[in-house]
Amino acid sequence: MHLKPFLYLKYRVSKKRLRVCVATCNRADYSKLAPIMFGIKSHPEDFELEVVVLGSHLIDDYGNTFRMIEQDDFDIGSKLHTIVRGEDEAAMVESVGLALVKLPDVLQRLRPDILVVHGDRFDALALATAAALMNIRILHLEGGEVSGTIDDSIRHAISKLAHYHACCTRMAEQHLIAMCEDHCRILLAGCPSYDKLLSTHHREDYMDIIKSWLGDKVQERDYIVALQHPVTTDIQHSIKIYGLMLDALLSFNKKTLILFPNIDAGSKEMVRVMRKKGIEQHPNFRAVKHIPFEQFIQLVCHAGCMIGNSSCGVREAGAFGTPVINLGTRQTGRETGENVLHVRDADTQNKIYHALELQFGKRYPCSKIYGDGNAVPRILKFLRTIDLDEPLQKTFCFPPVKDPISQDIDHILETQSALAIDLGGTNLRVAIVCMRGKVVKKYTQPNPKTFEARMHLILKMCTDAMRDAVCLNCRILGVGVSTGGRVNPQEGVVLHSTKLIQEWSSVDLRTPISDALHLPVWVDNDGNCAALAERKFGHGKGVENFVTVITGTGIGGGIIHHNELVHGSTFCAAELGHIMVSLDGPDCSCGSHGCIEAYASGMALQKEAKRLHDEDLLKVEGMDMKLSEPITAAHLISAARMGNSKADAILNKASTALGVGIINILHIVNPSLVILSGVLASYYQAPVQRIISERALLSAQSIKVVTSDLEEPALLGAASMVLDYATRRIY
């Protein structure tokens, strides 16, 4: 989520506080508006908050939910009774008219600088209409979304009246741009309710809350939450679906918490159906008019399933991985996670019952389609940028944008980002990497020795990075992990690690990181990550077939074939360091001998350098060596360059072994490019190119060898997994 680079919204130079009026109509929109109201209230130096309550908040049959606003310690400036009872189409129209009659006096008295309106309810349309006609600026929350009912028309009508927009998803943002709204006045913030639900859903007293609503015998994930509203464009059909849902729930025989429908036309008939079936007296059911949002979060989070057509099922429930059955057409078009099973043609009890059998008790990966828990800080920052001196008349961006993403590509490249983790033998590194391949911020800590300490540090560093990403206006799409050893990227499991990282075999990295951060996670071998980094940011960009060889402490790499990374049947493809180039060569760390790594790795060269040093054959005249300095491969290279024949012979043998190994690769996969990466790459490039031209098949002799220009291939490769694949729903 991110703030737009406002082209003409300047910070207000005056010290006048912004008078913000928040108008709430029902229990659902208050759950989205309350976090913003708390944020505004906590900054009295910048904002003055006015609260207007209307709609079903003030009706006893719907729980008199205005009391929860008072319990949250907000001063309600005005209470407007705007609902005309009848629960039919005519009553909805009359309610809009009544609100339009009463609102002008309130808005005239409060004189807000800006009115905050949420969503797609008929009450909200009255608010937006009154404010627009009275020249009051409007900030519309959750515009641009699609749900498939009359709500769509109302939502889009409010968007056209609104001056500013705070939307929840990238798709909603693009819809607003396509509707000719000025993209400089659109904030991709995320859903404000996520700020509360992501921070509080891990409450220790959740079982107390569940039992208080469903009884002492109920168990976690062994109950159902049901919430079905009327569809005002097809009332009779939605009443039929409601009855079929109740029949299916009765047959399924699980404890069920069922909430009364909202006040839309058709709700009265739905309540009659519920009472006719004896739901309120049935021992398996608890029928309620209202549940405080904090408790509702716990009930949805720990439910075995949620069923109905509430937007909560396709929005908030996804953040917990709670299975959802969406009935009918009320949410058609909304973005959903894989936790949602659609039963759009819910025409039989048996079909709904079968859906319950499929979904009940499952758990899905947590989805953050609608927010990352940082919407309120973005919205407050957005409000501070509003210039009250600029013309009030809004302008539209005609003609309609056919390719909205291309209009904002620079912004996408700067703000869409990944968390990259590089698990090294010595250090653990985490970085925020943007779509351009720029490391926005990097964190480094010594890698702990034990599994528990290592996982704890990974999660802490990632949490710190997520917090900083908000201030840096970076939208984190997911997490990529680069680690040594053999990795199953499909499951996110490290199968066997290197000797540098102990206690790191058969380890599931994806699940704990995904569960803690509520983000998708990708994991792969560091050699493969280096190849991915080159494909996206380096010399491999636009090259269909190439090989990356890492020449560092060990020898590794990755193979890109037809633009895809080659993993192999048991995930050990591209173990380039363990290609044998001699039948009787030196021992290798893998247990074999004669491997490239045993000749050409930094460890192999260091071993040879120490041997020469111990025999007093390393140092030559003019070579600067301190007594306390540890002997490394760099000393061997320095000695060879200064004329040490023995050091030169060792390096020639290492270069030949590496060159012959790469020739074997060329003859097997026939890439068009070889990229050398790592600390020894610059030394090996020329001799390897020469050996290829001398020893390879004629058709392979012209293949070019280049050294990588990337400073952080492991981090960039880990990030590229996220940036390339984060739009896929299944990972």
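This is a short tour of the model, stop by stop.

**Before you start**

The model is predicted: local features need pLDDT of at least 70, side-chain atom pairs count only at pLDDT 80 or more, and totals for chains, interfaces and linings use all residues. Residues are numbered from 1 along each chain as its sequence is written, and side-chain values use heavy atoms, with hydrogens and water left out.

**Whole chain**

Show the protein chain as a cartoon. It has 24 helices and 26 strands. These are DSSP runs (helices H or I, at least four residues; strands E, at least two), numbered from the N terminus. Along the principal axes, the C-alpha atoms fill a box of roughly 100 × 60 × 50 Å. Of the 731 residues, 58% are buried. Buried means under 20% relative accessible area, exposed over 50%, and partly exposed in between (1.4 Å probe, protein chains only).

Contacts come next (heavy atoms within 4.5 Å). Of those in the protein chain with a separation of 6 or more, 68% join residues 24 or more positions apart.

**Stop 1: the binding-site residues**

UniProt positions follow the numbering used here, feature names are shortened, and annotations may be inferred rather than shown by experiment.

Zoom in on Cys590. It sits in the loop between β24 (564-565) and α19 (596-600). Its relative accessibility is 44%, so Cys590 counts as partly exposed. Setting aside residues up to four places away in sequence, Cys590 touches His578 and Cys595.

Now move to Cys595. This residue also lies in the loop between β24 and α19. Is Cys595 buried or exposed? Cys595 is buried, at 1% relative accessible area. Beyond its neighbours within four places in sequence, its contacts include Gly577, His578, Cys588 and Cys590.

**Stop 2: Asp526**

Select Asp526. UniProt lists it for "active site", again in an unreviewed entry. Asp526 is in helix α18 (residues 526-537). Its relative accessible area of 30% makes Asp526 partly exposed. Not counting residues up to four places away in sequence, Asp526 touches Ser482, Thr483, Gly484 and Ile550.

**Stop 3: helix α17**

Select residues 510-517, which form helix α17. Which of its residues are buried? They are Arg510, Ile513, Ser514 and Leu517. Look down the axis of α17: the buried residues fall within an arc of 95° and so line one face of the helix. That arc is taken from the directions from the helix axis to the C-beta atoms. An α-helix has 3.6 residues a turn, so residues three or four places apart point the same way.

Then step past the end of the helix. His518 follows α17 and has a positive phi, near 55°.

**Stop 4: the nonpolar cores**

A nonpolar core is a set of buried Ala, Val, Leu, Ile, Met, Phe, Trp, Tyr and Cys residues joined through side-chain atoms within 4.5 Å. The largest has 62 residues. Select Met245, Ile258, Ile307, Leu327 and Leu356, which have the most contacts inside it. Helix α9 (residues 235-252) gives the largest share of this core, 10 residues.

Centre on Leu356. Leaving aside neighbours within four places in sequence, its contacts include Ala248, Leu249, Phe252 and Ile307.

Finish at a second, separate core of 42 residues; Ala609, Leu618, Ile650 and Leu651 are among them.
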